[in-house]
Amino acid sequence: MSRKCYEKKPLLRKCATEGCLNTFVRTCGRHIYCRPCAESRDKKSHEKYRTANKKSIKLGKDRWRLDPSRREKLLKRYRNLMNKKYKDLEWRKKKNQRDAELKHLLKVEVLTRYGKGGVLLCCWRGCAVSDIDCLTLDHVRNNGKEHRASGASSGCRIYRIVKREGFPKGEYQTLCASHQLKKEIKRRRALRLDRGW
Ligand SMILES: [Zn+2]
Ligand SMILES: [Zn+2]
């Protein structure tokens, strides 16, 4: 988390692996692969490194084991650095701005994935709402209450969970706020008709 990193604008990008349709948010550096692709590539290179440098890896591990105070020292240094940073108002302002940008990009990414035809659109038939502020993620099977109770409490958290799960198909859809409401009204009306009063 260097200062320079915060000055770059995060971007929504497509994965560079052939045949991979994933998108990801690039915050800094030169990443060109989505997380699953990057992880599988990393795994391969780590394996290579591990077999080539067995001896020195063991040496480093022993050093940690024999001298636990090293960990404390490093942690203390890191905490001091972060404390200093949080006192820097300019840095905090930039961080908040950037966090807001990242949240926005995450929302765009998830809602595009579940939009009509993979576009940022409400999934209701004939609806053309594409304003990001009016769009929401809808639980197709109406199990949002249970989902929220199990930890997906806020919008941002749901988006993060959905992304981590690799965008499960058929579970969610993008709906505008009006059609979210309409769906709920229709559901309640059907319940009422079932009961007969
Ligand atoms: Zn990929
Ligand atoms: Zn709509």
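Pro 10 is partly exposed, because 17 other C-beta atoms lie within 10 Å of its own; a residue counts as buried if 20 or more other C-beta atoms lie within 10 Å of its own, as exposed if 12 or fewer do, and as partly exposed in between, with the C-beta atoms placed from the backbone. This is a predicted model, in which local features need pLDDT of at least 70 and side-chain atom pairs count only at pLDDT 80 or more, while totals for chains, interfaces and linings use all residues. Residues are numbered from 1 along each chain as its sequence is written, and chains are lettered from A and ligands numbered from 1 in the order in which they are written.

Pro 10 sits in the loop between helix H1 (3-7) and strand S1 (11-14), where helices (H or I, at least four residues) and strands (E, at least two) are DSSP runs numbered from the N terminus. Leaving aside neighbours within four places in sequence, Pro 10 is in contact with Val 25, Arg 26, Thr 27, Arg 98, Glu 101, Leu 102 and Leu 105, a contact being a pair of residues whose C-beta atoms, placed from the backbone, lie within 7 Å. Cys 28 is 18 residues from Pro 10 along the chain, and the C-alpha atoms of the two are separated by 7.1 Å. One of the contact partners, Arg 98, belongs to helix H5 and is partly exposed, since 18 other C-beta atoms lie within 10 Å. Between the C-alpha atoms of Arg 98 and Leu 75, which are 23 residues apart along the chain, the separation is 25 Å.

Seen as a whole, the protein has eight helices and four strands, and its elements follow the order α-β-β-α-α-α-α-β-α-α-β-α from the N terminus on. Its radius of gyration, taken over C-alpha atoms, is 23 Å, whereas a compact globule of 197 residues would have a value near 16 Å, by the rule of 2.2 Å times the number of residues to the power 0.38. Taken along the principal axes, the C-alpha atoms fill a box of roughly 75 × 45 × 35 Å, and buried residues make up 9% of the 197 residues.

The protein is divided into domain 1 (1-52) and domain 2 (88-197), with bounds that come from an automatic or database domain assignment. The centres of the two domains, taken over C-alpha atoms, are 26 Å apart, and the contact between them takes six residues from domain 1 and nine residues from domain 2. On the side of domain 1 that touches domain 2 there are four nonpolar, two polar and no charged residues; here Ala, Val, Leu, Ile, Met, Phe, Trp, Tyr, Cys and Pro count as nonpolar, Asp, Glu, Lys and Arg as charged, and the others, Gly among them, as polar.

The next stop is the core. In soluble globular proteins, nonpolar side chains tend to be buried together. The largest nonpolar core here has 12 residues, including Val 110, Leu 135, Val 162 and Tyr 172; such a core is a set of buried Ala, Val, Leu, Ile, Met, Phe, Trp, Tyr and Cys residues joined through C-beta atoms within 7 Å. Helix H5 (89-113), strand S3 (135-139), helix H7 (155-164) and strand S4 (172-176) each give two or more residues to the core.

An α-helix has 3.6 residues a turn, so residues three or four places apart point the same way. Not counting residues up to four places away in sequence, Val 162 touches Val 110, Phe 167 and Tyr 172.

After H7 comes Gly 166, whose phi is positive, near 75°. Phe 167, in the loop between H7 and S4, has a phi near 50°, a positive value in a residue other than glycine. Phe 167 counts as partly exposed because it has 16 C-beta neighbours inside 10 Å. Asn 142, another residue other than glycine with a positive phi, near 55°, is found in the loop between S3 and helix H6 (144-149), and it is exposed, with 11 other C-beta atoms within 10 Å.

Arg 188 and Thr 51 are 137 residues apart in sequence and 61 Å apart in space, C-alpha to C-alpha.

Notes. Contact = placed C-beta atoms within 7 Å.
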